[in-house]
Amino acid sequence: RSFLMHSTYTTDTKSREENKNTVESLHRLSVDVKKIRRLKEWVLLQNVAYVKEIAGILQEMGADETAVANILERCPEAILHTPAEINSQRALWQLVCQNEKQLIKLIEQFPESFFTTEYHENQKANILFFQELGLKNNIITRFLTSAPNIFYNPVEKNKNVIETLQRNYLSLGGSDANMKIWILKLLSQNPFILLNTSTAIQENLGFLQKNDFTDHEVLQLLSKLKGFIFQLSPTTMQKSMLFSKNVFKCSDQELKQLVLKCPALLYYSVPVLEERLEGLLKEGISVAQIRETPMVLELTTQIVQYRIKKLSALGYDIKSGTLESLNGTKKDFEVNYSKVQSKKERPIFNPVAPINIED
């Protein structure tokens with residue numbers, strides 16, 4: 001976005017000098033101008049800037065001097081927007097923020113998202129659409145900050161993607177009663193679904209059906225993959241499945257069961273799967289063990305090495321044991337690790353057994 005703005009505002013910056021008023025105004029606000037020079041000097045070369053006005057609006061919202069300086073250092077292009085544009089953006093974000101205290105906190109954390117005003121009308125239409133859809137305001141604010149580009153789409157495009165998902169959910173056997181919950185959950189987990197086209201969604205679902213996944217299994221995969229399946233293509237999925245089939249030397253039916261057990265086999269590209277498989281084999285883990293617990297391929301090689309090292313220190317031999325203890329999130333692993341640890345520390349005698357007098 002900065003690049004787009006840069007090209008909009010800048011023609012021949014080399015032949016121009018810094019705007020002294022801009023620089024002085026920023027100095028007065030304790031902004032680190034050297035930092036701006038180093039990262040986005042083009043902002044300082046513009047003839048028109050609204051330093052005092054933008055700082056004033058931020059202060060009105062409750063930002064103190066330090067917060068204002070931080071915001072302008074991180075997103076100096078904010079000063080190139082007119083006060084009217086920023087006030088419009090302020091009113092827009094207030095539609096989903098509880099109060100101005102929350103709003104200024106978000107601006108401090110994600111200034112670039114807030115100061116992208118070029119798509120104001122699209123942003124507004126999409127916020128209202130998401131509210132109508134039933135998304136809670138706290139989820140919409142998360143989208144505004146972590147996935148702002150979904151708001152730059154015309155609202156019709158986002159509606160079209162949602163309608164395609166709804167239509168497919170019903171055709172795959174999903175119920176009307178659960179559809180809204182399913183869509184909202186999918187969006188909450190992965191808003192980037194909206195950056196896909198309806199055609200791509202259709203093609204990917206078609207690929208799974210051609211590979212003999214039942215409608216129920218396709219729905220299962222959609223939920224397990226949190227919609228990331230729509231960011232793939234039939235070609236990449238085909239390559240990943242073929243790789244897994246060759247590695248595990250299994251039939252089509254067995255492969256299908258492995259994918260349902262571990263959707264990562266479908267989602268990750270061949271180079272990623274290859275690297276993770278090699279990492280496991282180097283640790284002395286067999287292909288048979290991996291086939292038994294394919295979910296271990298969801299972990300990066302570094303995480304696997306770290307977990308094996310920790311378990312080995314307790315005397316746990318991963319080569320002869322199950323890979324289940326490696327699996328899961330950090331929290332899951334800590335629970336498994338604690339179980340192995342407590343098993344090792346358990347006394348070999350029964351502490352409540354009667355004492356032998358002779359001893």
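Which helices do the buried residues of α16 pack against? In this predicted model, the buried residues of α16 pack against α14 (215-224), α15, α17 (264-267) and α19 (287-292). Helix α16 spans residues 252-261, and its buried residues are Leu255, Lys256, Leu258, Val259 and Leu260.

**Helix α13 and its two partners**

Two packed helices are described by the angle between their axes and the distance between the axes.

| Pair | Angle between axes | Distance between axes |
|---|---|---|
| α13 and α15 | about 30° | 9 Å |
| α13 and α14 | about 130° | 10 Å |

Helix α13 covers residues 198-210 and helix α15 covers residues 234-248. Angles under 35 degrees count as roughly parallel, and α13 and α15 are therefore roughly parallel to each other. Their crossing is right-handed. On the α13 side, the residues that meet α15 are Glu203, Asn204 and Phe207; on the α15 side, they are Pro234, Met237, Gln238 and Met241. Sorted by class, this contact of α13 with α15 has four nonpolar residues, two polar residues and one charged residue.

How are α13 and α14 oriented to each other? At an angle of about 130°, α13 and α14 are oblique to each other. The crossing of α13 with α14 is right-handed. Here α13 contributes Leu205, Leu208 and Gln209, while α14 contributes Asp215, Val218, Leu221 and Leu222. By class, the contact of α13 with α14 has five nonpolar residues, one polar residue and one charged residue.

**Two loop residues with positive phi**

The loop between α13 and α14 contains Asp212. Asp212 is not a glycine, yet its phi is positive, at about 70°. Is Asp212 buried or exposed? Its relative accessible area is 58%, so Asp212 is exposed.

Lys249 is found in the loop between α15 and α16. Lys249 is also a residue other than glycine, and its phi is positive, near 45°. Because its relative accessible area is 72%, Lys249 counts as exposed.

**The nonpolar core**

In soluble globular proteins, nonpolar side chains tend to be buried together. The largest nonpolar core of this model has 109 residues. Which residues touch the most other members of this core? They are Leu58, Phe115 and Leu266. Helix α12 (residues 176-189) supplies the largest share of the core, six residues.

Apart from its neighbours within four places in sequence, Phe115 is in contact with Ile54, Leu58, Ile71, Cys75, Ala78, His81, Ile86 and Ile107. Leu58, one of these contacts, is also among the residues that touch the most other core members.

**Leu26 in helix α2**

Helix α2 runs over residues 20-28 and includes Leu26. Is Leu26 buried or exposed? Its relative accessibility is 1%, so Leu26 counts as buried; the cut-off for buried is under 20%. What does Leu26 touch, leaving aside its neighbours within four places in sequence? Leu26 is in contact with Val31, Val33, Ile36, Leu44, Val51, Leu72 and Ile79. Leu26 and Pro76 are separated by 50 residues in sequence, while their C-alpha atoms are 9.7 Å apart in space.

Terms used. Residues numbered from 1 in each chain as written. Predicted model: local features only at pLDDT ≥ 70, side-chain atom pairs only at ≥ 80, totals over all residues. Heavy atoms only, no water. Axes fitted to C-alpha atoms, helices over the stretch in contact; angles between N-to-C directions. Helix = DSSP H or I, 4+ residues; strand = E, 2+ residues; numbered from the N terminus. Parallel < 35°, antiparallel > 145°, perpendicular 65-115°, else oblique. Left-handed = near helix turned anticlockwise from the far one by under 90°. Contact = heavy atoms within 4.5 Å. Nonpolar A, V, L, I, M, F, W, Y, C, P; charged D, E, K, R; others polar. Core = buried A, V, L, I, M, F, W, Y, C linked by side-chain atoms within 4.5 Å. Buried < 20%, exposed > 50% of the residue type's maximum accessible area, 1.4 Å probe, protein only.
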